[in-house]
Amino acid sequence: MKTPLRVWLAGPITTELAHFASAAAPLETGGLLLGWWENGAIVVRHAVEVPDQQAGRSSWTRRPRAARSVLKAALADLDHPLLGYIGDWHSHPEVCHASGRDIQSLALTSEQYTLPLVLIVHLPDHTVDVRAAHHGRSCSVSISRPDPRT
């Protein structure tokens, strides 16, 4: 059995996801995940929102032009030498995990990258569904959160 990919939810990531999801409810919203790869793990540090004027109660679409603009602005604003695009996130206003379409989209996007990508779906009970893919194939994940006292 292959070792699961470690995904570290670090810094303000869960607070940012909750903020964006709450502000958009009852519609979906989503955006980009920023972080880095370290010692075989993906460190997820920030979420940025990419507006979708056509988002609905069960859909949000990442618009490529808007995503590039948001990514460029976020990287300049956050000014962290390790930060880069590591995946996508979106909210589900109802308690339902990543859909087959979500997982397929993640797998297709991961074909364009050398390192694994992450998808986080924020649920209304403030839990998250974390998925990963590498070279077009889903990966099992092990989720870690740093000790809040550190």
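# Close-up views of a predicted model

View 1. H122 is found in strand β5; helices (H or I, at least four residues) and strands (E, at least two) are DSSP runs, numbered from the N terminus. This is a predicted model, in which local features need pLDDT of at least 70, side-chain atom pairs count only at pLDDT 80 or more, and totals for chains, interfaces and linings use all residues. Residues are numbered from 1 along each chain as its sequence is written, and side-chain values use heavy atoms, with hydrogens and water left out. H122 has 3% relative accessibility and so counts as buried (buried means under 20% relative accessible area, exposed over 50%, partly exposed in between; 1.4 Å probe, protein chains only). Apart from neighbours within four places in sequence, H122 is in contact with L17, A18, A21, H90, S91, H92, T127 and V128, where contact means heavy atoms within 4.5 Å.

**View 2. The largest nonpolar core and a second, separate one.** A nonpolar core is a set of buried Ala, Val, Leu, Ile, Met, Phe, Trp, Tyr and Cys residues joined through side-chain atoms within 4.5 Å. The largest has 21 residues, and L32, L34, V48, V50, L106, L119 and V121 are those with the most contacts inside it. Two or more residues of this core come from each of β2 (30-38), β3 (41-49), α2 (64-78) and β5 (117-122). A second, separate core has 17 residues, including V7, F20, V130 and A132. Leaving aside neighbours within four places in sequence, L106 is in contact with L117, V118, L119, R131, A132 and A133.

**View 3. Two aromatic pairs.** Rings of Phe, Tyr and Trp (its six-membered ring) pair if their centres lie within 6.5 Å; planes under 30 degrees apart count as stacked, over 60 as edge-to-face and the rest as tilted. The count by this rule is 2 aromatic pairs. The ring centres of F20 and W89 are 5.7 Å apart and the planes are at 20°, so this pair is stacked. F20 lies in helix α1 (residues 13-24) and W89 in strand β4 (residues 84-91), so the pair ties together parts that are 69 residues apart in sequence. Both F20 and W89 are buried. For Y85 and Y113 the centres are 5.5 Å apart and the planes at 45°, so this pair is tilted. Y85 is in strand β4 and Y113 in the loop between α3 (100-110) and β5, 28 residues apart. Y85 counts as buried at 13% relative accessibility, whereas Y113, with a relative accessible area of 31%, is partly exposed.

**View 4. Strand β1 and its pairing partners.** Two strands pair if DSSP finds at least two bridges between them. β1 pairs in the parallel sense with strand β8 (residues 141-144) over 4 bridges, and 4 bridges also join β1 to β3, which run parallel. The bridge partner of V7 is I143 in β8 and I42 in β3.

**View 5. Cysteines C96 and C139.** C96 is partly exposed, with a relative accessible area of 38%. C139 is also partly exposed, at 27%. The count of disulfides (pairs of cysteine sulfur atoms within 2.5 Å) is 0.
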